Amino acid sequence: MSKAPSPGAGPAAAGTEELTDRFSREFGGRPDGVWQAPGRVNLIGEHTDYNEGFVLPFAIDRTARVAVAARPDSTVRLLSTYGDQGVVTASVESLQPGTAKGWTKYPLGVMWALRERGIDVPGVDLLLDSNVPLGAGLSSSHAIECAVISALNDLTGAGLEAEDMVLATQRAENDFVGAPTGIMDQSASLRGSKGHAVFLDCRNQEASLVPFETEPAGLVLLVIDTKVSHSHADGGYASRRASCELGAEVLGVKALRDVEVGDLEEASGLLDEVTFRRVRHVVTENDRVLQTVELLGSQGPSAIGRLLDASHASMRDDFEISCPELDLAVDTARASGAIGARMTGGGFGGAAIALTPVDAAQKVRDTVAKAFSDAGFAAPDIFAVSPAAGAMRIA
Ligand code: GLA
């Protein structure tokens, strides 16, 4: 994801009626409907999506909501309940990459991408509300994009399937927003389901739902938002992607998905030291996703802690996308009772997750908060998440 560059959204999303009333006050008339789409947590499988590998994210119960009415002309009027940008006006016919600012990049990017696919997107009035924390690595931008594409899919009668909506939102992010991201975040937001993680093969978008419920196992999954802001339109994400592409090219494969753990020894002789470590992260991470899916099926969530730890170590040491705050969150959570912890999302800031026994959760929260304060870091936001429903129309 890329960071939605607006001030923080409040913890509670506006109710549907509140949003509809505000829409009427701002734009006049009633919206045609209200759609919502969630942010996501990635359980495991980081920087594997654009290598045609495996990911295991889930949708969370923090959502972006849009009230939308189609217009008879090509004018677009956009307003959010947060930020102080006021109503932003554009023409759907003259959208161009690089012209939109702030959060409006996401709805306008989706409209642009749909028009690029030949879909006749009309002008719209659109009011956005979101309680997905911004810039926290929980895909606030994809939540907006998925809510908007769900609305436009319904309003235009385009009949797009999830696969198409995934590719259209990826196009919006890559070519309109300018973040060279993969397909994981929007897949989780569109395909998520309560009580399940989404196991996705990013080579062909084959998806299956894997039961993931922490409560019956006496566990809770804590998100530790480090408040270190990041954007995947900055250079770090793109440079990791470039290293992966270089690695695949030198190894003579279509994508790093085609390299197995057993091939790594030979690969080390063919690649420069840094590229080898980038490749090793992706190859071992793909393997960890497969192991996680298997263990969840055979033994449940209490068996996956060591895989979360190994994933974090690999991102810290081989892929080098962690930061001191994420490492401190992970190390402190583990030392105070979590059974596994890792950074989640694209890295360079954002959030960590800590799989924690319910009766150790308070201690983990307190100890992490204290460690951050002792280190002179901003206070983290720590909250529990569980898999929630994907994008839908709610009114
Ligand atoms: C961001 C991107 C995803 C994925 C992750 C890393 O969230 O949007 O496509 O690459 O980083 O796993």
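1. Leaving aside neighbours within four places in sequence, Leu-43 is in contact (heavy atoms within 4.5 Å) with Leu-56, Pro-57, Phe-212, Leu-221, Leu-296, Ile-304, Leu-308, Arg-342 and Ile-353. Leu-43 lies in strand S1, where helices (H or I, at least four residues) and strands (E, at least two) are DSSP runs numbered from the N terminus. Leu-43 has a relative accessible area of 0% and is buried, a term that stands for under 20% relative accessible area, with exposed meaning over 50% and partly exposed in between (1.4 Å probe, protein chains only). The C-alpha atoms of Leu-43 and Val-279, which are 236 residues apart along the chain, are separated by 20 Å.

2. A word on the basis of these values: this is a predicted model, in which local features need pLDDT of at least 70 and side-chain atom pairs count only at pLDDT 80 or more, while totals for chains, interfaces and linings use all residues. Residues are numbered from 1 along each chain as its sequence is written, and side-chain values use heavy atoms, with hydrogens and water left out.

3. Thr-48 is found in the loop between S1 and S2, and at 0% relative accessibility Thr-48 counts as buried. Apart from its neighbours within four places in sequence, Thr-48 is in contact with Gly-53, Phe-54, Val-55, Val-282, Glu-285 and Asn-286. Its C-alpha atom is separated by 29 Å from that of Arg-65, a residue 17 places away along the chain.

4. Ser-139, in the loop between strand S5 (124-130) and H3, has a positive phi of about 65 degrees although it is not a glycine, and Ser-139 is buried, with a relative accessible area of 1%. Gln-205, in the loop between strand S6 (196-201) and S7, likewise has a positive phi, near 60 degrees, in a residue other than glycine, and Gln-205 counts as buried at 10% relative accessibility.

5. How do H3 and H5 pack, and at what angle? Helix H3 (residues 140-156) and helix H5 (residues 184-191) pack at an angle of about 55 degrees, with their axes 9 Å apart; axes are lines fitted to C-alpha atoms, for helices over the stretch in contact, and angles run from 0 to 180 degrees between N-to-C directions. That makes H3 oblique to H5, given that angles under 35 degrees count as roughly parallel, over 145 as roughly antiparallel, 65 to 115 as roughly perpendicular and the rest as oblique. In this contact His-142, Ala-143, Cys-146, Ile-149 and Ser-150 of H3 meet Asp-185, Gln-186, Ser-189 and Leu-190 of H5.

6. H5 is mostly covered, with 8 of its 8 residues buried. What covers the buried residues of H5 includes strand S1 (33-44), S2, H3, H4, S6 and S7.

7. The axes of helix H2 (residues 105-116) and helix H4 (residues 162-177) come within 8 Å and cross at roughly 110 degrees, which makes H2 roughly perpendicular to H4. Residues that make the contact include Trp-112 and Leu-114 of H2 and Arg-171 and Phe-176 of H4.

8. Helix H8 (residues 273-298) and helix H9 (residues 305-317) pack at an angle of about 170 degrees, with their axes 10 Å apart, and this makes H8 roughly antiparallel to H9. Among the residues that meet are Arg-277, His-281 and Glu-285 in H8 and Arg-306, Leu-307 and Asp-317 in H9.

9. Rings of Phe, Tyr and Trp (its six-membered ring) pair if their centres lie within 6.5 Å, and planes under 30 degrees apart count as stacked, over 60 as edge-to-face and the rest as tilted; by this rule the count comes to 6 aromatic pairs. One of them is the tilted pair of Phe-58 and Phe-212, at 5.7 Å centre to centre with 35 degrees between the planes. Phe-58 lies in strand S2 (residues 54-70) and Phe-212 in the loop between strand S7 (206-211) and strand S8 (219-225), so the pair ties together parts that are 154 residues apart in sequence. Both Phe-58 and Phe-212 are buried.
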